Amino acid sequence: MYEYARTDMPISFPGLFGDWSVNPNPVAIPIGNGIRWYGIIICTGLILAVLFCCRQSKKYGITEDNIYDMMIWQIPLCIIGARLYYVIFYLDLFRNADGSLNPGRMIAIWDGGLAIYGAIITAYLVLHIFCRKKKISFGAFADLGAMGLLIGQAVGRWGNFVNREAFGGETTLPWRMRVWVTASEYIEVHPTFLYESLWNLIGLGLIVFVIAKRRSFDGENACFYFIWYGLGRAWIEGLRTDTLKLFGWELFGQPIRVSQLLSVALAAAALVVLIVNKRRRRGREALFVNRKAALEAAEPIQEQEDTAQ
């Protein structure tokens with residue numbers, strides 16, 4: 001089973017577009033180690049996510065300055081978190097011949113190796129600390145951030161397309177993707193990058209047009225995100241050939257896939273949190289944005305009363 005394809009050979013979808021193909025060079029600008037399309041696409045997703053969240057921020061009681069201040073911390077720390085997660089579960093790739101660890105290879109992110117769940121876990125921790133320092137509702141900010149995550153992930157997955165990576169097992173489905181593993185041999189596989197991109201876009205639409213309009217507690221969007229993304233990722237991870245394994249451990253004779261296991265666990269935890277909070281029936285008046293608006297509306301009245309006294 002192939003995990004990687006040649007990056008100098010074309011990509012096509014023979015069941016949909018016949019002989020039409022594209023052959024994008026993963027390196028956009030050949031400077032130094034190369035400015036890669038993967039990085040450009042990730043940055044584009046990040047920018048779109050931030051801009052979208054800024055437009056939605058007032059609905060959650062969050063200011064644009066809050067978002068920009070938080071991103072100053074999020075961006076570098078999430079890169080570190082994504083790399084650390086990858087290194088931990090692929091530790092053998094970063095050993096020297098004598099078994100010792102190679103720090104230089106560990107930090108060489110330009111050679112690839114970032115795991116989205118490492119970034120998500122780091123983002124959660126950074127946001128929690130940020131909200132405590134700024135005295136902002138963590139749940140409200142997480143609701144806003146959930147939409148940004150879906151946008152960033154939907155766009156970012158196209159970087160995998162350019163790199164010819166993160167594809168699934170072989171298939172004969174009409175939308176199969178053809179990639180080349182040697183100069184004369186190709187395979188036709190599940191375009192799992194596309195599955196996840198579309199899954200995230202659908203999830204974004206559901207949050208914006210359904211979930212957000214019926215929010216009854218801060219954190220509801222975030223719960224839906226973890227349920228939706230977790231279920232989708234668990235399914236897609238089962239199709240991929242390059243998935244991270246849990247230290248070589250097996251269950252029922254099959255390797256335990258890290259992201260699949262984590263996806264199911266997060267989806268289950270989010271479902272419990274959602275059910276518990278829904279049963280409390282807090283109502284929209286308890287949302288951070290509405291409490292904040294009520295306090296701001298009461299301030300002029302309080303000032304008038306203080307002046308009168």
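A residue is termed buried under 20% relative accessible area, exposed over 50% and partly exposed in between (1.4 Å probe, protein chains only). The structure is a predicted model, in which local features need pLDDT of at least 70 and side-chain atom pairs count only at pLDDT 80 or more, whereas totals for chains, interfaces and linings use all residues. Residues are numbered from 1 along each chain as its sequence is written, and side-chain values use heavy atoms, with hydrogens and water left out.

Eleven salt bridges are present in the structure, a salt bridge being a side-chain nitrogen of Lys or Arg within 4 Å of a carboxyl oxygen of Asp or Glu. Arg240 and Glu237 are both buried and form a salt bridge whose closest N and O atoms are 4.0 Å apart. In the salt bridge of Arg215 with Asp143, the corresponding separation is 2.7 Å. Arg215 belongs to the loop between helix 7 and helix 8 and Asp143 to helix 6 (residues 138-163), so the pair ties together parts that are 72 residues apart in sequence. Arg215 is buried at 2% relative accessible area, and Asp143 is buried at 0%. Asp218 forms a salt bridge with Arg291, with closest N and O atoms 3.7 Å apart. Asp218 is buried at 15%, while Arg291 is partly exposed at 41%. Salt bridges with shared partners join Asp143, Arg215, Asp218 and Arg291 into one network.

The structure contains 17 aromatic pairs. Rings of Phe, Tyr and Trp (its six-membered ring) pair if their centres lie within 6.5 Å; planes under 30 degrees apart count as stacked, over 60 as edge-to-face and the rest as tilted. Trp199 and Trp228 form a stacked pair, 4.1 Å centre to centre with 10° between the planes. This pair links helix 7 (residues 192-211), which holds Trp199, to helix 8 (residues 220-237), which holds Trp228; helices (H or I, at least four residues) and strands (E, at least two) are DSSP runs, numbered from the N terminus. The rings of Trp199 and Trp235 have centres 6.4 Å apart and planes at 55°, so this pair is tilted.

Arg178 is found in strand 5 (residues 177-180) and is buried at 19% relative accessible area. The charged end of Arg178 sits over the ring of Tyr186, 4.0 Å from its centre; this assignment requires NZ of Lys or CZ of Arg within 6 Å of the ring centre and within 35 degrees of the ring normal.
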